[in-house]
Amino acid sequence: MKYQALNLKEKFSLFDEQWMPKVIAEINDYQFKIAKLKGDFIWHDHKETDEAFIVLEGNLLIEFRDGKVELSEGEMFVVPKGVEHKPYAEEEVKLLMIEPRGVKNTGDEGGQRTAQNDIWI
């Protein structure tokens, strides 16, 4: 077995797409995904799972129907399963997400913002 650390800065340098999460690691049935976000996303939920957002660079706003949470670099938030939410980033945010394998980024909403799953980088 080869032991080698993952370099997040290097991984982020390999893509420019916004709102298209890339898998960098797995633990059991959970995936660690990185993404670059800028602008507005869509309202959606994940009925079967919680979703963890960890801001590595920038500022992220996650809106809920009854409030919002603002995340800065080094902060995290877990959106509980079934809670409708809409991420927004004024400027580009670099983000780490942790969620079960196979979770669609748009939940059941679909549409143009739906990213292909299991894209490793």
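1. Buried means under 20% relative accessible area, exposed means over 50%, and partly exposed lies in between (1.4 Å probe, protein chains only). The structure under review is a predicted model, in which local features need pLDDT of at least 70, side-chain atom pairs count only at pLDDT 80 or more, and totals for chains, interfaces and linings use all residues. Residues are numbered from 1 along each chain as its sequence is written, and side-chain values use heavy atoms, with hydrogens and water left out.

2. The chain contains 1 helix and 7 strands, in the order α-β-β-β-β-β-β-β from the N terminus. These elements are DSSP runs numbered from the N terminus: helices are H or I with at least four residues, strands E with at least two.

3. For 121 residues, a compact globule would have a radius of gyration near 14 Å, and the chain agrees at 14 Å. This radius is taken over C-alpha atoms, and the globule rule is 2.2 Å times the number of residues to the power 0.38. Of the 121 residues, 39% count as buried.

4. The whole structure holds 11 salt bridges, a salt bridge being a side-chain nitrogen of Lys or Arg within 4 Å of a carboxyl oxygen of Asp or Glu. Side chains of opposite charge can pair when their charged atoms come close.

5. One of the salt bridges joins Lys 36 and Asp 16 at 3.8 Å, N to O. The pair links distant parts of the chain, 20 residues apart: Lys 36 belongs to strand S2 (residues 30-40), and Asp 16 to the loop between helix H1 (8-12) and strand S1 (22-27). Lys 36 is buried at 6% relative accessibility, whereas Asp 16 is exposed at 65%.

6. A salt bridge also forms between the side chains of Lys 86 and Glu 63, at 3.1 Å, N to O. Lys 86 lies in strand S7 (residues 85-100) and Glu 63 in strand S4 (residues 59-64), so the pair ties together parts 23 residues apart in sequence. Lys 86 counts as buried at 12% relative accessibility; Glu 63, at 25%, counts as partly exposed.

7. Glu 84 and Arg 65 form a further salt bridge, with their closest N and O atoms 3.0 Å apart. Glu 84 sits in the loop between strand S6 (76-79) and S7, and Arg 65 in the loop between S4 and strand S5 (67-72), 19 residues apart. Glu 84 is partly exposed, with a relative accessible area of 29%, while Arg 65 is exposed at 56%. Elsewhere, salt bridges that share partners join Glu 26, Asp 29 and Arg 101 into one network.
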